[in-house]
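Biologist: Please show me the model, and let us then discuss it by question and answer.

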Amino acid sequence: MRVVVIGGSGHIGSYLTPRLVEAGHTVLCVTRGQRQPYIVDDAWTKVERVTMDRASEESAGRFGSRIRDLEPDCVIDLTAYTLESTVQLVEILRGHVQQFLHCGTIWVHGPAIEVPVTEEQPRKPISDYGVRKAAIERYLLDQARRLHFPAAVLHPGHLVGTGWMPLNPAANFNPAVFACLIAGREIALPNMGRETLHHVHAGDVAQAFLKAMASWSNACGESFHIVSAAAVSMGGYAESVARWYGQVPRIRFLPWTEWRALASEKDANVTWDHIARSPNCSICKAQRLLDYQPRYTSLEAVRESITWLIAHRIIQA
Ligand SMILES: NC(=O)c1ccc[n+]([C@@H]2O[C@H](COP(=O)([O-])OP(=O)(O)OC[C@H]3O[C@@H](n4cnc5c(N)ncnc54)[C@H](OP(=O)(O)O)[C@@H]3O)[C@@H](O)[C@H]2O)c1
């Protein structure tokens with residue numbers, strides 16, 4: 001197929017775009033051309049790079065027509081964050097594409113009642129980002145089920161890959177948390193360290209997009225969680241990182257208000273965003289309907305990422 005990937009050079013695109021080429025598709029990658037993919041891959045020589053700024057093209061009302069003019073069979077939209085943005089695209093692509101895959105997020109869910117959370121559970125997002133992504137999901141599934149627009153939605157968890165900082169055991173992106181654990185120094189975690197995080201390797205997200213394309217009759221009109229097979233507790237995650245480096249984990253547990261007072265405002269806000277949800281999502285639906293089989297556990301994905309970050313001296317123990 002002729003596949004247009006919108007935003008195909010970021011965390012997910014760095015893995016997905018080359019794999020689409022390897023699968024035999026003709027691939028066009030739409031970006032502003034401001035950043036390079038995280039990983040080097042010869043497949044990029046076969047990717048047609050299309051430079052445009054979605055925001056300014058949308059303001060001018062011509063983003064959809066510019067994508068349609070690329071004559072895609074399949075559009076993978078990795079950079080839609082508002083309903084209006086998606087509607088503009090769908091209205092103009094209607095009748096012109098065989099497949100439209102939107103990248104959502106597990107943050108369409110708020111705090112869970114039953115875990116692992118399934119796709120069937122009602123959406124109760126607790127942030128503006130989650131609310132907007134849930135609105136896009138609702139719209140696309142409605143378009144698919146009532147009006148036969150060929151849409152599917154994939155909801156990744158916390159993305160992990162080579163070249164960027166994964167969400168750490170304190171549920172933020174401060175590299176000092178990994179550095180302390182690796183060096184055997186004490187870290188503090190909020191509460192009892194029992195809240196959960198749900199990572200996914202970006203290569204597994206790429207796998208899911210390819211499998212959704214290949215199993216289209218199962219994927220169309222559906223949404224899927226795309227995460228590792230199991231969430232991790234923050235305390236268990238911290239212990240694992242320390243043990244990888246031969247350290248005895250030294251973790252102090254503090255009530256949230258005390259922990260927050262010790263952290264920077266930025267770290268505390270990011271941590272709160274994650275622990276307030278404590279994601280723990282089921283992949284049964286994706287396994288059953290798409291044959292999604294994540295290659296990485298959460299800990300394997302993070303370990304690969306940390307190894308790279310240490311080698312590049314971004315984490316210095
Ligand atoms: N990051 C996470 O942990 C996470 C978790 C769950 C779900 N998601 C979802 O995953 C999707 C992709 O996220 P990501 O983390 O892979 O994104 P990302 O790394 O920020 O990559 C964004 C991509 O879009 C391009 N881009 C950004 N602004 C653009 C614009 N105005 N016009 C055209 N291209 C633009 C970027 O290239 P240029 O800068 O060169 O334009 C890049 O290729 C999003 O829908 C997000 O909601 C992310």
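Modeller: A residue is called buried if 20 or more other C-beta atoms lie within 10 Å of its own, exposed if 12 or fewer, and partly exposed in between, with C-beta atoms placed from the backbone. Helices (H or I, at least four residues) and strands (E, at least two) are DSSP runs, numbered from the N terminus. This is a predicted model, in which local features need pLDDT of at least 70, side-chain atom pairs count only at pLDDT 80 or more, and totals for chains, interfaces and linings use all residues. Residues are numbered from 1 along each chain as its sequence is written.

Biologist: Which residues of helix α4 are buried?

Modeller: Helix α4 spans residues 83-93. Its cover includes α2, α3, β4, β5 and α5, where contact means C-beta atoms, placed from the backbone, within 7 Å. The buried residues are T86, Q88, L89, V90 and L93.

Biologist: Which residue of β2 is the bridge partner of V3?

Modeller: Two strands pair if DSSP finds at least two bridges between them. Strands β1 (residues 2-6) and β2 run parallel and are joined by 5 bridges. The partner of V3 is V27.

Biologist: How many residues of strand β2 are buried?

Modeller: Strand β2 covers residues 26-31 and is mostly covered. On its β3 side, 4 bridges join the two parallel strands. The number of buried residues in β2 is 5 of 6.

Biologist: How many residues surround the ligand?

Modeller: A residue counts as near if its C-beta atom, placed from the backbone, lies within 6 Å of the molecule. The closest are G7, G10, H11, R32 and R54. The number surrounding the ligand is 22.

Notes:
Two residues are in contact if their C-beta atoms, placed from the backbone, lie within 7 Å.
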